[in-house]
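Dear colleague,

I am passing on the structure below, and after it you will find my notes on what turned up when I went through it. Please keep the structure open beside the text as you read.

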Amino acid sequence: MDDALAGTRVLIAGGDGDAARALGARLAAGAAQVTVAPDAEAAAQAALAGPPDVIVALGAAETELRELLDPLELRSGPPLIPANALANQKRSPAERLRLLLDSAALERRARDVESALAAQTVARRRDLESARIEMLRRLALAAEYRDDNTREHTERVAALAARLGQRLGLSELALTHIRHAAPLHDVGKIAIPDSILLKPGRLSNAEFEVVKTHAEAGARVLADAESELLEVAESIARSHHERWDGTGYPDALSGADIPLVGRLVHVADVFDILVHERPYKDAFSVEDAGAEIQSGAGTQFDPEIVEAFADLGPRVWLAAPGVYGG
Ligand SMILES: [Fe+2]
Ligand SMILES: [Fe+2]
């Protein structure tokens, strides 16, 4: 007599005959605590009421049990082993069952570790993405402190650019990226001296050249990130002053060579600047600003985006929903 199964509760399913009795005796010889259920149904009930450590099923009872127990119970419940798996030349059924139980336990452990890891990866990715969004929000806030007149401008631009993108049929993910990245379009203004940035009246050519560097400076701040969100932010910062006809800056790109996100933000940015007062200009009426955008179609702006802009209409142009969940 060995004690390979000491303390192991074995439920024999389909135990209505000599084969079951013989098997029960041999397992009990390995110090198992054996219970016998006459058929699959009785076995399922017994298994659910007071789970054994293992169910050994004879003949058809295995298939029947698999049908009776739902997949979750099979996954987390006691292993279900067909009796013929215990037939072995070299080992007793008790030893054989012990081996099978050990490997089932190992498998289950590996499965648990795997799903714990998968859950952790998902959670970590989520944390990372919200940390990135939070970082961009703080960076946008810092940029806004550079110029009181641009307070809330960045969020309005982001909201309008996203509405335009939505009109063009962009995916929900692309729109989310725009909402979070577009407020950063002028982050490069951190690098522009107050004497120029806050100057009332017109800038000299030399001063304007300095202002123009904000596009590249902003892109540098956001460059080389391993995240799609930051790549979008970088692209917007760099390309939001490119013009459809190729006369914009910093890269003098034209047409579809200008990243779409930059083209969207360009329209939204110009509109918002027009309808709000700036140190160097009074506010346009909404109609005048709309007409100004319209007249830039094909020269300053992507004509398709201007069309989307016209489709949205003044009510949407002026709606400035909170970008950050407000
Ligand atoms: Fe800008
Ligand atoms: Fe702007």
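This is a predicted model: local features need pLDDT of at least 70, side-chain atom pairs count only at pLDDT 80 or more; totals for chains, interfaces and linings use all residues.

**What was found**

A252 belongs to the loop between α10 and α11, and its phi is positive, about 50°, although A252 is not a glycine. That loop between α10 and α11 also holds P250, and the peptide bond leading from Y249 to P250 is cis, with an omega near 5°.

A31 is another residue other than glycine with a positive phi, in this case near 75°. A31 sits in the loop that runs between α1, residues 18-29, and β2, residues 33-37, and with a relative accessibility of 25% it counts as partly exposed.

How do α7 and α10 pack against each other? Helix α7, residues 172-181, and helix α10, residues 228-239, meet at an angle of about 60°, and their axes are 9 Å apart. The angle is therefore one that makes α7 oblique to α10, and the crossing of the two helices is right-handed. On the side of α7 the contact is made by L173, H177, H180 and A181, while α10 contributes E228, L229, V232, A233 and I236. Sorted by class, the residues in this contact are 6 nonpolar, 2 polar and 1 charged.

R132 itself is placed in helix α5, and it is buried, because its relative accessible area of 19% is under the 20% limit.

**The nonpolar cores**

The largest nonpolar core has 42 residues, and those that touch the most other members are L164, L222, F271, I293 and F309. At least two residues of this core come from each of α5 (93-144), α6 (153-167), α7, α10, α11 (260-275), α12 (286-295), α13 (303-312) and α14 (314-318). The largest share, 9 residues, is supplied by α11.

Which residues does F271 touch, if those up to four places away in sequence are not counted? The answer is L160, V286, A289, G290, I293, F309, W317 and L318. Another core, made up of 17 residues, lies apart from the largest one, and its members include A83, L97, L100 and L101.

**A residue in a loop**

Finally, I would like to draw your attention to D186, which is located in the loop between α7 and α8, the latter being residues 194-197. Is D186 buried or exposed? With a relative accessibility of 11% D186 counts as buried, because this value is under 20%. Leaving aside its neighbours within four places in sequence, D186 is in contact with H153, H214, H240 and H241. D186 and A217 are 31 residues apart in sequence, and in space the distance between them is 9.2 Å from C-alpha to C-alpha.

With best wishes

Methods:
Residues are numbered from 1 along each chain as its sequence is written. Chains are lettered from A and ligands numbered from 1 in the order in which they are written. Side-chain values use heavy atoms; hydrogens and water are left out. Axes are lines fitted to C-alpha atoms, for helices over the stretch in contact, and angles run from 0 to 180 degrees between N-to-C directions. Helices (H or I, at least four residues) and strands (E, at least two) are DSSP runs, numbered from the N terminus. Angles under 35 degrees count as roughly parallel, over 145 as roughly antiparallel, 65 to 115 as roughly perpendicular and the rest as oblique. A crossing is left-handed if the near helix is turned anticlockwise from the far one by less than a right angle, and right-handed if clockwise. Contact means heavy atoms within 4.5 Å. Ala, Val, Leu, Ile, Met, Phe, Trp, Tyr, Cys and Pro count as nonpolar, Asp, Glu, Lys and Arg as charged, and the others, Gly among them, as polar. A nonpolar core is a set of buried Ala, Val, Leu, Ile, Met, Phe, Trp, Tyr and Cys residues joined through side-chain atoms within 4.5 Å. Buried means under 20% relative accessible area, exposed over 50%, partly exposed in between (1.4 Å probe, protein chains only).
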